[in-house]
Amino acid sequence: MQLAQDQAWLKRGDNLLLFGPSGVGKTHLAAAVGRALVEWGARVRFLSATTLVQLLQAAKANLQLQSALLKLDKYDLLILDDLSYVRKSEAETSVLFELIAHRYELKSLLITANHPFSAWDEIFTDATMTVAAVDRLVHHAVILEIQAESFRQRSAKQRSLSDDKKQPK
């Protein structure tokens, strides 16, 4: 609630990083924070990390990467959902790193990911890039790790139990 109601972290260019397994509500929380900030007048853009990487790759191929990054500067907060699903290729991770480096200490990122930092070598192509990206992201960041059972799995179990009770014996 505090992050949704207090825009000071946006003004400082701080980041919000949400980690946890699939189904624990990271995307829901990211969307809720983003919506609340919009209601307070902040400019927010929500994208899957894969979609944003594809947009930046296309811009880079057209020699327009710097222009694309500058266009994203109009947003106080960029929400990158599901960073863990970015494929580990030089083309993808280089534009992702460019975005992180470009926004560092200027504009905020909210990133959701299934993998903790210790597994980010599965995202970036080399250790140096991984360390540099993590270093910039965490320097001014709130990091939340959600440890809970998947809401979808819990719902499926409840439906299964409910269905079992309905079956004649």
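**Exercise 1.** Determine whether Arg35 and Glu39 are buried or exposed, and describe how their side chains are placed.

*Solution.* Step 1: Arg35 is exposed, and Glu39 is exposed too; exposed stands for over 50% relative accessible area, buried for under 20%, and partly exposed for the range in between, with a 1.4 Å probe and protein chains only. This is a predicted model in which local features need pLDDT of at least 70 and side-chain atom pairs count only at pLDDT 80 or more, while totals for chains, interfaces and linings use all residues. Residues are numbered from 1 along each chain as its sequence is written, and side-chain values use heavy atoms, leaving out hydrogens and water.

Step 1: Both residues belong to helix α3 (residues 26-39) and are 4 residues apart, about one turn of the helix. Helices (H or I, at least four residues) and strands (E, at least two) are DSSP runs numbered from the N terminus.

Step 2: The two side chains meet in a salt bridge at 3.1 Å, N to O. The term requires a side-chain nitrogen of Lys or Arg within 4 Å of a carboxyl oxygen of Asp or Glu.

**Exercise 2.** Find which residue forms a salt bridge with Asp76, and state where the two partners lie.

*Solution.* Step 1: The partner is Lys107, with the closest N and O atoms 4.0 Å apart.

Step 1: Lys107 sits in the loop between α6 and β4, and Asp76 in the loop between α5 and β3, so this pair ties together parts 31 residues apart in sequence.

Step 2: Lys107 is partly exposed at 23% relative accessibility, and Asp76 is partly exposed at 25%.

**Exercise 3.** Identify the residues that touch the most other members of the largest nonpolar core, then list what Leu99 touches.

*Solution.* Step 1: A nonpolar core is a set of buried Ala, Val, Leu, Ile, Met, Phe, Trp, Tyr and Cys residues joined through side-chain atoms within 4.5 Å. The largest has 33 residues, and Leu56, Leu83, Leu99, Trp120 and Phe124 touch the most other members.

Step 1: Elements giving two or more residues to this core include α4 (49-61), α6 (90-103) and β4 (108-113).

Step 2: Not counting residues up to four places away in sequence, Leu99 touches Leu52, Leu56, Leu69, Leu72, Leu78, Leu80 and Leu109, a contact being heavy atoms within 4.5 Å.
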